[in-house]
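Let us walk through this chain step by step, with the model open beside the text.

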Amino acid sequence: MYDNLTTKEMIGKIEVLKKERNAIIMSHYYQHDEVQDIADYLGDSFGLSQKAATTAADMIVFCGVKFMAESAKILSPDKTVVLPEKMAGCPMADMVDVAGLREMKNKYPDYTVVTYVNSTAAVKAESDVCCTSSNALQIVESINNDKILFVPDKNLGTYVADRTDKEVVVWDGYCNTHYRVKVEDIKKVRDKFSEAPILIHPECRPEVVTMADYAGSTAGILKFARESKADTLIIGTEQGILYQLKKENPDKKFYILSPKLICPNMKKTHLDKVLNSLENTEFEITIPDDVNEKAYQSLYKMLELAR
């Protein structure tokens with residue numbers, strides 16, 4: 001659509017349209033470098049949604065995947081939220097739907113449903129409380145129930161189950177990207193970089209997580225890297241985070257744990273699509289009022305418990 005424009009020209013048009021439409025651009029750490037560079041705010045999925053809600057912007061351009069843009073809409077129902085790439089979905093979020101969750105709730109009627117924010121608005125609305133990868137254990141521990149149904153990520157759910165005395169039943173979902181990392185990848189890196197800390201996202205397989213030096217969210221990985229005295233670190237999450245890691249720590253070296261750590265959905269967003277979203281309000285996120293309200297309650301409950 002904008003093949004006749006240079007990168008510099010596209011960026012110029014994006015800046016003009018942002019002012020005209022009172023818009024802000026939010027980018028996840030897993031986006032392409034050039035998308036991260038034009039963002040007003042860079043962060044992890046829920047943190048960006050929270051930040052967007054505090055701004056005076058009328059329009060939120062969310063460079064990520066659909067469930068992230070939905071979370072922004074849930075927290076900012078009166079703002080226009082657009083996802084630049086219509087097909088930027090999340091396979092893990094799609095591994096659970098309302099019908100399936102209701103069936104599971106009927107099977108485990110006394111269990112509190114804790115749903116990872118990497119889920120659709122409809123599933124959030126069917127849940128008791130949400131969580132992020134950084135506060136999942138805290139949320140589970142804060143709930144006044146020893147029986148937990150954790151949805152949809154079995155790996156994050158297992159990570160939590162291994163660290164709590166509560167009974168945790170996990171949904172059989174997973175992140176396709178993080179699930180590709182195997183024990184053999186850890187062993188290869190250990191052989192080559194024996195002293196380098198390995199930082200892993202808890203969406204990875206449990207046997208991989210246990211072999212890492214640190215397991216945490218994208219924000220947690222960035223914090224660990226900033227504070228680490230190591231000059232070389234191995235990163236076990238989507239490779240887009242390397243851009244920010246290198247910018248924040250120019251004197252340190254970072255290597256991706258596996259070349260398989262690429263999320264094809266995150267990589268679908270490019271500058272031309274950001275420009276199109278601003279120019280044509282594409283693709284706007286809409287959520288039915290009743291779903292939005294119930295999903296908001298699940299997110300709000302998380303914020304209450306995480307204080």
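**A walk through the fold**

Pro152 sits in the loop between strand 7 (147-151) and helix 8 (154-161). The peptide bond that leads from Val151 into Pro152 is cis, with omega near -10°. This is a predicted model, so treat each value below as computed from it.

Where is the other cis bond described here? It runs from Glu282 to Phe283, with omega near -5°. Phe283 belongs to the loop between helix 14 and helix 15 (289-305). Phi of Asn22 is near 50°, which is positive although the residue is not glycine. Why point these out? Most residues other than glycine have a negative phi, and most peptide bonds are trans.

Now step back to the whole chain. It contains 15 helices and twelve strands. Its C-alpha atoms fill a box of roughly 55 × 55 × 30 Å along the principal axes. The radius of gyration is 19 Å. A compact globule of 307 residues would have a value near 19 Å, so the chain agrees with that expectation.

Strand 1 (residues 23-28) runs parallel to strand 2, and three bridges join them.

Next, look at how helices pack on one another. Two packed helices are described by the angle between their axes and the distance between the axes. Helix 1 and helix 14 pack at about 30°, with their axes 9 Å apart. Angles under 35 degrees count as roughly parallel, and helix 1 and helix 14 are therefore roughly parallel to each other. Their crossing is left-handed. On the helix 1 side, the contact is made by Thr7, Met10, Ile11, Lys13, Ile14, Leu17, Lys18 and Arg21. Helix 14 contributes Leu271, Asp272, Val274, Leu275, Leu278 and Glu279. By class, this contact of helix 1 with helix 14 has eight nonpolar, one polar and five charged residues.

Helix 4 (residues 66-75) and helix 15 have another geometry to inspect. They pack at about 95°, with axes 9 Å apart. An angle from 65 to 115 degrees counts as roughly perpendicular, and these two helices are therefore roughly perpendicular to each other. Lys73, Ile74 and Leu75 of helix 4 meet Asn292, Ala295, Tyr296 and Leu299 of helix 15. The contact of helix 4 with helix 15 divides into five nonpolar residues, one polar and one charged.

What order do its four strands take? The order is 10-9-11-12, in an open sheet with parallel pairing. Here the edges are strand 10 (214-215) and strand 12 (253-256), and each pairs on one side only. Strand 9 (residues 198-200) pairs with strand 10 in the parallel sense over two bridges. Ile200 has Ala215 of strand 10 as its bridge partner. Helix 12 packs on this sheet and touches strand 9, strand 10, strand 11 (232-236) and strand 12. The direction of helix 12 makes about 160° with that of strand 9.

Helix 12 also has a helix partner. The axes of helix 12 (residues 218-227) and helix 13 (residues 241-248) come within 10 Å and cross at roughly 30°. That makes helix 12 roughly parallel to helix 13. Helix 12 passes helix 13 in a right-handed crossing. From helix 12, Thr218, Ile221, Leu222, Ala225 and Arg226 meet Ile241, Gln244, Leu245 and Glu248 of helix 13. Five nonpolar, two polar and two charged residues make up the contact of helix 12 with helix 13.

Notes. Residues numbered from 1 in each chain as written. Predicted model: local features only at pLDDT ≥ 70, side-chain atom pairs only at ≥ 80, totals over all residues. Heavy atoms only, no water. Axes fitted to C-alpha atoms, helices over the stretch in contact; angles between N-to-C directions. Parallel < 35°, antiparallel > 145°, perpendicular 65-115°, else oblique. Left-handed = near helix turned anticlockwise from the far one by under 90°. Contact = heavy atoms within 4.5 Å. Nonpolar A, V, L, I, M, F, W, Y, C, P; charged D, E, K, R; others polar. Pairing = 2+ DSSP bridges. Rg over C-alpha atoms; globule rule 2.2 N^0.38 Å.
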